[in-house]
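Keep the view open beside you as you read.

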Amino acid sequence: MLAALLILSLGVSALGPTGAHSSWVIGGKAVVPHSRPFIASIQMDGQHFCGGFLVWPRWVMTAAHCPVPRRNPSVRVVLGAHSLEQPEESQQEFGVEESIPHPFYDPRTVDNDIRLLRLNHTATLNAFVKRIRLPRPHIDLKPGTLCSVVGWGDISNYGERPIQLMEANTTIVKRSLCQTLWKGRVSGNMLCGASRNATLQGVCAGDSGGPLVFKGKVYGVVSFSGERCGDRRYPDIYTRISNYIDWVHRVVLRHRQPHGQKKHKTGPEEAGGDQGAAGWGKPGLPHPPPAPKALMFNGN
C-alpha cells in the first residue's frame, strides 16, 4: 500500500531509471493489530481489491471507481481484519446489498469519487469493529495538516503486498499547487496529500477507497495517484468527504424504511447505478484516462 517514493527533493529533475530499486525506500509501517477497527477490505473471490471504512453499522464508504456490484456472491466486505493472509476470529464478513456511487461520479475526471455500500446485515460493534466519524459539512483541511492513510495496498512499485495492515503519514498540499502539478485535474471536491520531507510516502495499488484520517475523523477517500505510486510530481488525491455529507445522509435515510414496508424507488442520488463497474469492467482496470491512476489491485 503505502509506497514510499524517491528520496529526491522536488528540485531534482532526474528520476533515475525505471526499476532501479536503490532509488526507492519503503514508507509507512504496520499498525498495532486491530488499532484501526473502522477499516474494511473489499474482496472479489477472496482477493482484496479495494479498501473502505465503516461509517455506520450497516454502511461502508469507499471510492466510486471501485467496481463493487450488489448482491454478487463473489464480493465480500471484511471488517475486523489485520492480516488478510490468515483467518482471524475478530473478522466479520458481509455481502453487499446495495452499491451506490455518487450520481455525478465522472470516470474521465475521477470527480465525485465516492460510493456507499449497504451491507447485507448489521455489523457487530466491538473492540475489533468500530465506525469512524465523518467531518462537518464543507470543512476543508488546511495545507500542512498531518494526516494518516491506512490500507493493504502494495508497499512498493514492484507489486509487493503487505501481510498486515499498513499506515503512513501524509501532509495536505495546497490545492492551487496541486492543481498546477496535476495540470488542472484537481477540483474543489478533492484533497491532495504528500510527504512533508524528502522521503516521500504515498498510496499504491489496493489502497483505493481507503480512509484519510485526521484526529479520529475521516476526511478523504483514496482516489488516485500518479502513474507510479508516490511520484513526486503528482500528489496523491483523495475525495473530500465533507462536500458529500448531505448526499450521504439522504442515501442512508432513504434506506431506513420500516420492516415489511415496500422498498423505495431509486432516487436521483442513486440513479447512477454501478458506474464503477460499467466504466471500468472487472476489477483490475486501474487507469482512468488520461493520467490519474486509481489504486485497485488488478488481480494478477
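Accessible areas here come from the Shrake-Rupley method with a 1.4 Å probe, and for residues only the protein chains shown count as cover. On that basis, the protein has an accessible surface of about 13000 Å², and carbon and sulfur atoms hold 53% of that area. Please bear in mind that this is a predicted model.

The protein has 300 residues, and 56% of them count as buried. Its secondary structure consists of 3 helices and 17 strands. Among the contacts with a separation of 6 or more, 72% link residues 24 or more positions apart.

**The sheet**

In what order do the 7 strands of the open sheet lie? Reading across, the order is β7-β6-β3-β4-β5-β9-β8, with antiparallel pairing. Because β7 (92–94) and β8 (96–101) each have a single partner strand, they stand at the edges, and one side of each is left without a neighbour in the sheet. From one strand to the next, the twist averages 30°. Within this arrangement, β5 and β9 run antiparallel and are joined by 4 bridges.

**The cores**

The largest nonpolar core contains 47 residues, and F53, M61, V77, L79 and L134 have the most contacts inside it.

| Element | Residues |
|---|---|
| β3 | 39–44 |
| β4 | 47–56 |
| β6 | 75–79 |
| β15 | 217–225 |
| α2 | 245–254 |

The largest share, 6 residues, comes from β4. At least three residues of the core come from each of domain 1 (37–119) and domain 2 (145–242).

Leaving aside neighbours within four places in sequence, L79 is in contact with residues including I39, L54, V60, F94, L119 and V129.

**A look at K29**

Is K29 buried or exposed? With a relative accessibility of 60%, K29 counts as exposed, because exposed means over 50%. K29 sits in strand β2 (residues 29–30). Apart from neighbours within four places in sequence, K29 is in contact with L165, M166 and E167. Although K29 and E167 are 138 residues apart along the chain, their C-alpha atoms are separated by 5.5 Å.

Key. Residues numbered from 1 in each chain as written. Predicted model: local features only at pLDDT ≥ 70, side-chain atom pairs only at ≥ 80, totals over all residues. Heavy atoms only, no water. Helix = DSSP H or I, 4+ residues; strand = E, 2+ residues; numbered from the N terminus. Buried < 20%, exposed > 50% of the residue type's maximum accessible area, 1.4 Å probe, protein only. Contact = heavy atoms within 4.5 Å. Pairing = 2+ DSSP bridges. Axes fitted to C-alpha atoms, helices over the stretch in contact; angles between N-to-C directions. Core = buried A, V, L, I, M, F, W, Y, C linked by side-chain atoms within 4.5 Å. Domains from an automatic or database assignment.
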